Amino acid sequence: MPDFLTAALYKFVELPDFADLQAPLLACCEAHGVKGTLLLASEGINGTIAGTQAGVHAVLSFLRNDPRLATLEHKEAHAAQMPFYRMKVRLKKEIVTLGVPDVHPALMAGQYVKPQDWNQLLADPSLVLVDTRNDYEVAIGSFKGAINPATHSFSELPGWVEKEMAEGGCLAPVDGKKPRVAMFCTGGIRCEKSTAFMRAKGFDEVYHLEGGILKYLETMPETQSQWQGECFVFDERVSVGHGLNPGDFTLCRSCRDPLSAQDRQSPLYELGVSCAHCHARTTDEQKHGYRERQRQVELAAVRHQSHIGVRQPGSE
């Protein structure tokens, strides 16, 4: 049986005292051996944590003891190895950065569509289906027929929307009426915020996948699925497939791009050092440093020790 439980969570809720929550939340995570990253902002909480089942559930209980987070939902997955190396609780302006003021997902988000109803929505030929994730995430998998905005960060999405609302764009009005739009993302957080933005732009029929891609892959049988490829995740699993089973991608330790088995066959790929995406962007000196880091990782593995994430003397 897998040894570690991973929990992805978020909730848009008013937290004006979010800074006061940082220290006690970090202390709770560390006391229960839980690692990962949690973001706190005035608009809510977001992040992924991992640890033993008892440890993760203890942290979730701690969060839900706050009445404002009593209905906090999370998604679980299991892993044979700890997917994170340390615990961070960070304070942010937004729990997911769109960079547009006065967008309030708790009040303005589009209509939720449950995973079991998502295929029926996608059957509408007039629907504009938008993948709100970044380009490197879309590259390894998406829904059939989805539009890729080719953004490098979520904060670029509003600019893409403005461009596509112009005449000839995929979001331009047809006979004076704005199109129906459906949006999706990994766990639901980005599409809650993006659909709130779309509603602020005057789109009335806006939908998003409840629970995101991860809930869809967990819920829908592969034989009925409209998903193609794998889903990028922000931990050491790198990608998952149907049933949230670990995928075939690994991570380039230089540029952090996901790498397929074919990518790893490139002559420019060197474990821990470079891949075809970044080989030309790093200097020989940087590559030398990456090789030394990889050597230390391999030595630590032989000794059954952790290397990445170990706090060095004098570090914070």
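Biologist: What makes the pairing of the Glu230 and Ser239 side chains a polar contact?
Modeller: A polar contact is a pair of N or O atoms within 3.5 Å; within protein, one must be able to donate a hydrogen and the other to accept it, and residues adjacent in sequence count only if both atoms are side-chain atoms. Glu230 and Ser239 are joined at 2.5 Å, so the pair falls within the 3.5 Å limit.

Biologist: What kind of model is this?
Modeller: This is a predicted model, where local features need pLDDT of at least 70, side-chain atom pairs count only at pLDDT 80 or more, and totals for chains, interfaces and linings use all residues. Residues are numbered from 1 along each chain as its sequence is written, and side-chain values use heavy atoms, with hydrogens and water left out.

Biologist: Why is Glu230 called buried?
Modeller: Its relative accessible area is 14%. Buried means under 20%, exposed over 50%, and partly exposed in between (1.4 Å probe, protein chains only). So Glu230 counts as buried.

Biologist: Which residues does Glu230 touch?
Modeller: Leaving out residues up to four places away in sequence, Glu230 touches Ile140, Gly141, Ser239, Val240, Gly247, Asp248 and Phe249. Contact here means heavy atoms within 4.5 Å.

Biologist: Where is Glu230?
Modeller: Glu230 sits in the loop between strand 11 (227–229) and strand 12 (231–232). Helices (H or I, at least four residues) and strands (E, at least two) are DSSP runs, numbered from the N terminus.

Biologist: What makes Glu137 and Arg190 a salt bridge?
Modeller: The rule asks for a side-chain nitrogen of Lys or Arg within 4 Å of a carboxyl oxygen of Asp or Glu. The closest N and O atoms of Glu137 and Arg190 are 2.8 Å apart, so the pair passes. Glu137 is in helix 5 (residues 135–138) and Arg190 in helix 7 (residues 189–200), so they link distant parts of the chain, 53 residues apart. Glu137 is buried at 0% relative accessibility, and Arg190 is buried at 9%.

Biologist: How do you know that Lys114 and Glu210 tie together parts that are apart in sequence?
Modeller: Their side chains meet in a salt bridge at 3.4 Å, N to O. Lys114 lies in the loop between strand 6 (111–113) and helix 4 (115–122), and Glu210 in the loop between strand 10 (206–209) and helix 8 (212–219), so the parts they tie are 96 residues apart in sequence. Lys114 is partly exposed at 41%, and Glu210 is partly exposed at 26%.

Biologist: Where do Glu292 and Arg295 lie?
Modeller: Both lie in helix 9 (residues 284–302), three residues apart, about one turn of the helix.

Biologist: How many salt bridges does a search of the whole structure find?
Modeller: It finds 15. Asp124, Lys177, Arg180 and Glu205 are linked in a network of them.

Biologist: What is the phi of Asp102?
Modeller: It is near 65°, a positive value in a residue other than glycine. Most residues other than glycine have a negative phi. Asp102 is in the loop between strand 5 (87–91) and helix 3 (105–108). At 63% relative accessibility, Asp102 counts as exposed.
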